[in-house]
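Thank you all for making the time.

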Amino acid sequence: MCGIIGYVGQRPALPILIDGLRRLEYRGYDSAGVALVDGDKLRVSKSAGRLSVLEQLLDFKATSTTGVGHTRWATHGAPTDANAHPHLDATGRIAVIHNGQIENASALRTYLERQGFVFRSETDTEALAQLISRFYQGNLEQAVRQALHEISGAYAIAVVCADEPGVIVAARNGGPLLIGVGKGEHLLASDAAAILAHTSQVVYLSDGEMARITADHVSLTTLDAMPVTKDVEEIEWSLDEIELSGYDHFMLKEITEQPAALENCLRGRIEPRAGAVHLGGLVDCTRELTRAKRFILTGCGTAWHAALVGEYLFEELIRTPTETEYASEFRYRNPVIDDGTVVIAVSQSGETADTLAALVEAKQRGAAVLGVVNVVGSSIARETDAGIYLHVGPEIGVASTKAFTAQVAVLAMMACYLGRRKHLSPAAASQFITALAQIPKQIADILERADQAKIVAERYCGMENWLYLGRGYNYPVALEGALKLKEISYIHAEGLPAAEMKHGPIALIHEGMPVVVIATAGSQYDRISNNIAQVRARGGSIIAVATEGDREIAKLAEHVLYVPDTIEPLQPLLTVVPLQLIAYHAALLRGCNVDKPRNLAKSVTVE
Ligand code: AGP
């Protein structure tokens, strides 16, 4: 979604805003803008297109020490110069930047137009700017508060006014927002990556809170003007972690980081010999979880695919009924939540609007709610009763990679942890955890053969339709492989449970069509081999992901990408890696922007 940045202090604000926007661009990148409070004037520059287009317009000699900046993911109105943020009020003295959606914007617009306000854009945000102006009587904080009482919807906003230099007013209801605490300066941002170069001390705003920020002071209140006190928290990520560190793309960096990232994720949590798992985040609710009658795993996109692997793991190791729900459907379909239901929200960013809302819905219906999240201090982390962090460091590439493998690893640890408190024997747990402990090294082995995936991409990146097939634990991996290819190379791809192919999609298969089949050793091998034969009979080209040492498969496939052998439940942690690499290379070969694919954003904070 959109990225928000603000600075008030002693230093020239513009370079700090632009550096922050550069680090936020993965959130949304179809247009950008800044507003500087310069003496008793506002200087606003904005344009459609990437940040680099805006930079051409800017006078970096500007000395203003107060300003806000925005990078956009369009919701209301196409990505044009006029619809880019900041949006000004009719006087041109109040500027607003906004992440989210104002549900009653058109009613407000009609009302304000009847009052004589003239609108210059198609955005919902401009309605808020005009509304603040309508209430403004020399106190910006008060005017923003009054205006926010008139709007409904999700928002994170920052507002500056030419009549109040040195002041930023911010507010949050549904969109992430944090304040960076510096010496004689304060920053504001949608996420920590944008301000880490200046401070690691932050205050997280919660829903329904506002802040009046100056260089030396921050006053926090609720929307009803009740004072709020908050702790300053430390961001655990280092600046290095959010840099490219010599890689061409964050996606390649994050694919390559998976061995080390998973080591971090597993560190201090597993004891292979004893088959023990230690999850500090669940200690206080272990009893309740062990007695759970039903688990519901929910998320969106890649997180939903990880949750689906989790469903298989939970039912196999814990033997408790488990379902996987698309958060966007779950939140509105009046789900049955009875006693003993535990809902687990899976989310890398911890800010995905549908997943957050599904969680809140489940909580309201009395479910225990847990989070499997990567971003510390994120909304989902703070909304859940308990949870587990991935500990894989920041994920910047829009296409999620290391977060997927870590989400599966965490769900695997949870399944073993609770399974041991039910039916899982110490021996079985030890075998499981011993195999899990070997995964980081095994991924490193796969990465050493990354060029094999590149060859497949070179061979088929010109084909506009691909199929991905998998069975059992590898069915969600087929879905994930297809999603990776779609979202960064813009090739249409469909992931399927292999047996489903015969019930329709097989009609798509034609001579030379690339069909990726996950055919690793295990209980499904014979059946997936039959599916391969059915595809070959119709001329499809087989790209098989297979277990090292399987010579037979090479006779059935045009290309074989080998992965080390592991137990079936953990195969998704290995079989997904070649698929991540195929997508990466296909996107590169097709000249796509791997880290900032079109129409996408890293964290989807609107529904
Ligand atoms: C995955 O590559 C995509 N970026 C997207 O599907 C993502 O997984 C989804 O938006 C969920 O994000 P979250 O894990 O931050 O909640």
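**The sheet and its helices**

Please keep in mind that this is a predicted model. I begin with an open sheet of six strands, which run in the order E5-E6-E7-E8-E12-E13 with antiparallel pairing. At its edges are strand E5, residues 87–88, and strand E13, residues 218–222, each of which pairs on one side only. Further in, strand E7 (residues 153–161) and strand E8 (residues 168–173) pair in the antiparallel sense over four bridges, and if you look for Val159, you will find that its bridge partner in E8 is Val169.

Two helices pack on this sheet, and I will take them in turn. Helix H4, residues 125–135, touches E5, strand E6 (94–102) and E7, and its direction makes about 135 degrees with that of E6. Helix H5, residues 140–148, touches E7, E8, strand E12 (209–213) and E13, with a direction that makes about 160 degrees with that of E7.

**The cores**

Which residues have the most contacts inside the largest nonpolar core? They are Ile344, Met414, Trp466 and Tyr468, in a core of 96 residues. Helix H13, which covers residues 402–419, gives the most to this core, with 14 residues. Apart from it lies another core, of 34 residues, which includes Ile5, Ala192, Trp237 and Ile242.

**Salt bridges and cysteines**

Turning to charged side chains, the count comes to 31 salt bridges. In one of them, Arg22 pairs with Glu55, the closest N and O atoms being 2.9 Å apart; since Arg22 lies in helix H1 (residues 13–24) and Glu55 in helix H2 (residues 51–57), the pair ties together parts that are 33 residues apart in sequence.

Another salt bridge joins Glu25 and Lys596, with the closest N and O atoms 3.4 Å apart. Glu25 lies in the loop between H1 and strand E2 (31–38), whereas Lys596 lies in the segment after helix H18 (572–589), so this pair ties together parts that are 571 residues apart in sequence. Is Glu25 buried or exposed? Glu25 is buried, with a relative accessible area of 7%.

Finally, the structure holds zero disulfides. For Cys300, the nearest cysteine sulfur, that of Cys2, is 18 Å away, and for Cys416 the nearest, that of Cys265, is 14 Å away. Cys300 counts as partly exposed, at 25% relative accessibility, while Cys416 is buried, at 0%.

Key:
Residues are numbered from 1 along each chain as its sequence is written. This is a predicted model: local features need pLDDT of at least 70, side-chain atom pairs count only at pLDDT 80 or more; totals for chains, interfaces and linings use all residues. Side-chain values use heavy atoms; hydrogens and water are left out. A disulfide is a pair of cysteine sulfur atoms within 2.5 Å. Buried means under 20% relative accessible area, exposed over 50%, partly exposed in between (1.4 Å probe, protein chains only). A nonpolar core is a set of buried Ala, Val, Leu, Ile, Met, Phe, Trp, Tyr and Cys residues joined through side-chain atoms within 4.5 Å. Two strands pair if DSSP finds at least two bridges between them. Contact means heavy atoms within 4.5 Å. Axes are lines fitted to C-alpha atoms, for helices over the stretch in contact, and angles run from 0 to 180 degrees between N-to-C directions. A salt bridge is a side-chain nitrogen of Lys or Arg within 4 Å of a carboxyl oxygen of Asp or Glu.
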